Amino acid sequence: MLLKIAKSTALLVLAAYSLNAADFSAGAEKDRIEMIKYFEAKFADPEKNKDRFFPYSTEEELKNDYAKGLKHNDFNIGTYAFSKDAKAQYEAIKEMPPYEDAIDAGEELYNKKFANGNSFATCFPDPAVANIYPYYDEKKKDVVTLTSAVNDCLRDNGEKEFNTQKGDMANIQAYLVNATTEAGKKFDIKIQSEAAKKAYENGKEYYYTQRGYLKLSCATCHVQGAGQRVRNEKLSPLTGQITQFPVHRLKWEELGTLERRLSGCIVDQGQVSPKDESTQMKELVYFLAYMSNGMSIDGPDIRK
Ligand code: HEC
């Protein structure tokens with residue numbers, strides 16, 4: 001009898017615990033699933049759905065340059081998921097990936113000893129961990145991104161921190177992200193407390209806030225606008241948008257971090273970008289990463 005009671009109490013406690021754990025991410029999970037449904041509907045058949053989703057495109061363009069029937073995991077290559085012409089160019093460049101040297105340089109950095117004898121291998125004993133970043137650190141009461149984790153490792157060991165946009169930072173990330181991609185890992189972003197939920201909500205708010213005299217938000221371009229052409233590029237969708245960083249951009253002629261890309265979009269909106277390791281930037285990245293949850297890490301990659 002006693003055992004029975006003990007058992008059922010344990011079950012109840014377990015049930016309450018999992019309910020609670022689910023509670024903090026319930027809203028984010030709803031956002032994520034709704035977004036997938038929206039993009040699957042939008043890219044099911046752009047030509048047929050012209051009036052609903054692509055009122056400004058020509059029928060000819062919709063017919064000739066848009067792939068059809070896209071599903072959730074197809075969105076992990078941004079604009080190349082649906083733009084046939086851009087995808088052909090992308091695949092041609094991928095034959096000789098321009099970021100191979102960066103991965104090697106990152107591996108060297110990973111194994112190189114700091115002055116105190118430690119190394120990045122001390123901070124990241126398993127290099128295939130990029131899929132859990134960002135996470136909410138309950139002790140620091142702040143979001144930790146891959147970028148801030150790399151710099152925390154340097155600071156904690158008395159080393160000079162890296163520039164957060166390129167160079168060594170992009171190289172070490174290329175090594176960690178490549179290891180994570182090779183291990184076949186998927187984004188696994190967790191929201192496990194009220195404070196973590198708040199951080200996600202702040203990031204979401206940043207994403208949907210309209211700024212500047214054009215009143216543009218990230219969502220204007222990457223949700224409602226996703227798939228529309230801006231000059232000669234089509235806008236990538238929010239779902240799967242950050243599965244591939246760091247990226248080698250043809251425009252940069254080198255590898256850069258996610259923060260470099262994001263600050264570019266923010267500056268293009270006529271705004272001053274938050275600092276790369278600021279709470280505001282980290283919360284934005286937390287939101288973006290959650291929206292890619294369940295999708296494979298697939299970096300480094302190339303972009304125009
Ligand atoms: C005026 C439109 C516009 C706004 C507003 C905008 N972007 Fe972009 N963004 C672009 C264009 C154009 C590109 C390059 C084409 C593409 O990949 O979408 C791009 C690219 C990106 C990429 C890289 C996608 C990839 O596949 O590599 C990310 C990530 C991104 N934007 C995030 C954001 C975030 C976050 C915001 C808000 C802070 C934002 N953007 C605001 C136009 C915009």
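Mentor: A residue counts as near a molecule or strand if one of its heavy atoms lies within 4 Å of it. This is a predicted model, in which local features need pLDDT of at least 70 and side-chain atom pairs count only at pLDDT 80 or more, while totals for chains, interfaces and linings use all residues. Residues are numbered from 1 along each chain as its sequence is written, and side-chain values use heavy atoms, with hydrogens and water left out.

Trainee: How many residues surround the ligand?

Mentor: The closest are C218, C221, H222, S236 and C265. By class, the shell holds ten nonpolar, seven polar and four charged residues. Here Ala, Val, Leu, Ile, Met, Phe, Trp, Tyr, Cys and Pro count as nonpolar, Asp, Glu, Lys and Arg as charged, and the others, Gly among them, as polar. The number of residues surrounding the ligand is 21.

Trainee: Which residues coordinate the iron atom of the ligand?

Mentor: Donors are N, O and S atoms within 2.8 Å of the metal (3.2 Å for Na, K and Ca); water is not among the atoms, so sites may look incomplete. The coordinating protein atoms are an NE2 and an SG, at 2.0 to 2.2 Å. They belong to H222 and C265.

Trainee: Which helices hold H222 and C265?

Mentor: Helices (H or I, at least four residues) and strands (E, at least two) are DSSP runs, numbered from the N terminus. The pair ties together parts that are 43 residues apart in sequence, because H222 and C265 lie in separate helices, α10 and α11.

Trainee: What is the arrangement of the six donor atoms around the iron atom?

Mentor: Six donors count as octahedral if opposite donors are over 155 degrees apart and all others between 65 and 115. The angles around the iron atom run from 88 to 179°. The arrangement is therefore octahedral.

Trainee: Is C265 buried, partly exposed or exposed, and what is its relative accessible area?

Mentor: Buried means under 20% relative accessible area, exposed over 50%, and partly exposed in between (1.4 Å probe, protein chains only). H222, at 13%, is buried. C265 is partly exposed, because its relative accessible area is 30%.

Trainee: How far is the polar side-chain atom of S236 from an oxygen atom of the ligand?

Mentor: S236 sits in the loop between β4 and β5 (247-249) and counts as buried at 16% relative accessibility. Its side chain also makes a polar contact with the side chain of Q241 at 2.9 Å. A polar contact is a pair of N or O atoms within 3.5 Å; within protein, one must be able to donate a hydrogen and the other to accept it, and residues adjacent in sequence count only if both atoms are side-chain atoms. The distance from S236 to the ligand oxygen is 2.7 Å.

Trainee: Which element gives the most residues to the shell around the ligand?

Mentor: Q244 also has a polar side-chain atom 2.9 Å from an oxygen atom of the ligand. The elements that give two or more residues to the shell are α9 (194-208), α10 (218-224), β4 (233-234) and α11 (258-268). With four residues, the top contributor is α11.

Trainee: Which side chain does the side chain of E61 contact?

Mentor: E61 lies in helix α3 (residues 59-65) and counts as buried at 16% relative accessibility. The polar contact spans 2.8 Å, and the partner is R229.

How values were computed: Four donors count as tetrahedral if all angles lie between 85 and 135 degrees; four count as square planar and six as octahedral if opposite donors are over 155 degrees apart and all others between 65 and 115; anything else is irregular.
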